[in-house]
Amino acid sequence: METRLARPADSATGQEPGNGLATLTAIDPTSVSMRYVEQVPIGFARRFGVLGLDGANGELRVATSGLERLSILDTLAVHLGQPVVPVLADEEAIAAAINTAYSQQDSQVETVIDGIDDSDNEELAAMLTGGDLLDNDTAAPVVKLVNLILFEAVKRRASDVHFQPFEDRLQVRMRIDGVLYDYVQPPKGLQEEIVSRIKVIGRMNIAEKRLAQDGRTTVSVGDRVVDLRISSLPTSHGERVVLRLLDKSARLYRLPELGLSARDLVTFRRLIQRTHGIVLVTGPTGSGKSTTLYAALQELDSTELNILTLEDPIEYELPGISQTQVATRKGMTFATGLRTVLRQDPDVIMVGEIRDEETARMAIQSSLTGHLVFSTLHTNDAAGAVTRLLDLGIEPYLVASSLLAVMAQRLLRQVCSECKTMSLLTDEDRRRLGMANGSSGQQVARGGGCGECFDTGYRERTGVFELLEVDESIRQLIVARSDAASIKEAARQAGMSTLRGDAVAKLLDGQTSVDEVLRVTHAENVGNGE
């Protein structure tokens, strides 16, 4: 079958280079031929830099970067069973379009599971680590299955993938926007092979099945780079494996994008411009504390200030900032690392987490000697961070004189914009939320579920915050060793918005649902919400 050259009229958006071929100035992702993506392996498309595009009247156009590759198009025409029309395009544009097109195809996990039989197990010996999850055409079936599960996790924006063994099945679950969902159930007979494959990826000992292990690696999905942190744990029904996914290609958020109220944003920006003191961000694991600290550091001028961080692990690279990885097994803890950082003439220090008295004492002493310190704690609310520091053994006068503010936060799922519907806020909803009776006619959002949100009704998350600024009245309560409830009440009297109050404000703004507010925040009196 012959390759037909395109006439200039064949391309509506192109320039005529004088060689008889139309030249695309850009590749529209919606013009990519899905039939081409399904029938041509990504390895072939990448190697020869060719991508199929839908043309008029069922015509198949193939973007290529040079005339020397026209012979490849003859091979494509035979493989696809129809003539192809070559068009010229920039090589980098073709490569980017290939990654985008192949990352949008269906994962086909169920198809792979159905096609695996026991004879495939011997191919485990040929497993390789790393690689691109999209390039599955020559992979062993179990390898392909694991790759496709991870590909689907990245596609669905999952933060974790669980391989949980039961007596009669292996359940794969994904945590999406903070909530676990069942995904697929591979046959129980594949459990050992799947676990072994994941261990190989993480450079773990596949022969050791009685001890917990940790591993890590980096994989790619097209042009996206994803870090995997892997943990295995022996259970009564086999090894349970959890993978934490960190998309290194994801962009860093700025402070105005986090969801802070206008008032809290102004206050927080003022606090992080101070020359000394300590600012704490609190919340459970996965509540976005590191994202908030990264956003705060980006507000500072790294050309005028010497900014250093101690992290475990380093999640994102920050330009102009020196970042250090904590290595506890080698003796590099937060406390010992902080001592070394103080000899580096820092202006601003970020300590990934305060875990013990030694780290807390070092951080506070650093803030008292002319450094601005950012760190995190695991407490339920902002006031709880004060009592937590006192419980660690820090003297009240040191906490009162060094602590600038504590910001507690959670992540709240936002209702999917594609399937969002509005309905009246009922009296029962007000009772559940702890709200006083307000004006009638207030509307709240609910998600019906659609393909964009994978039928969950939610897509993406925003932060809810509780910013406690330490003023003179709070300092007196700290010195008097007052409990967290007294400190919180004093902060509320001074105008602090609580986590529940901030969540209700976002509810009335149409961003989230009543059920999500109840799931994420604790009950408290939030007034009438107006």
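The legends below accompany close-up views of a predicted model.

**Figure 1. Overview of the predicted model and its secondary structure.**
The protein has 530 residues, of which 49% are buried. Its secondary structure comprises 18 helices and 20 strands. When contacts between residues at least 6 apart in sequence are considered, 64% of them join residues that are at least 24 apart.

**Figure 2. The largest nonpolar core, with 51 residues.**
Within this core, the residues that touch the most other members are Leu 280, Ile 354, Val 399, Leu 403, Leu 468 and Ile 478. Helix 12, which spans residues 382–391, supplies the largest share of the core, namely six residues. As background to this view, nonpolar side chains tend to be buried together in soluble globular proteins.

**Figure 3. The surroundings of Ile 478, a member of the largest nonpolar core.**
Leaving aside residues up to four places away in sequence, Ile 478 touches Val 386, Leu 390, Pro 396, Val 399, Ala 400, Val 470 and Ile 487. One of these neighbours, Val 399, is, like Ile 478, listed among the core residues that touch the most other members.

A disulfide is a covalent bond between the sulfur atoms of two cysteines. Cys 416 counts as buried because its relative accessibility is 1%, and buried means under 20%.

**Figure 4. The largest cavity and the residues that line it.**
The structure holds one cavity of 30 Å³ or more, and the space in the largest cavity amounts to about 50 Å³. The residues lining the largest cavity are Arg 157, Ile 176, Asp 177, Tyr 181, Arg 413, Cys 453, Phe 454, Thr 456 and Tyr 458. Sorted by class, this lining consists of five nonpolar residues, three charged residues and one polar residue.

Notes: Residues are numbered from 1 along each chain as its sequence is written. This is a predicted model: local features need pLDDT of at least 70, side-chain atom pairs count only at pLDDT 80 or more; totals for chains, interfaces and linings use all residues. Side-chain values use heavy atoms; hydrogens and water are left out. On a 1 Å grid over the protein atoms alone, a cavity is a set of points where a 1.4 Å probe fits but cannot get out, and a pocket is an open set with protein on both sides within 12 Å along at least five of seven lines; lining residues have an atom within 4 Å of a point. Grid points are joined across faces, edges and corners, and a volume is the space filled by probe spheres set on the points. Ala, Val, Leu, Ile, Met, Phe, Trp, Tyr, Cys and Pro count as nonpolar, Asp, Glu, Lys and Arg as charged, and the others, Gly among them, as polar. Buried means under 20% relative accessible area, exposed over 50%, partly exposed in between (1.4 Å probe, protein chains only). A nonpolar core is a set of buried Ala, Val, Leu, Ile, Met, Phe, Trp, Tyr and Cys residues joined through side-chain atoms within 4.5 Å. Helices (H or I, at least four residues) and strands (E, at least two) are DSSP runs, numbered from the N terminus. Contact means heavy atoms within 4.5 Å.
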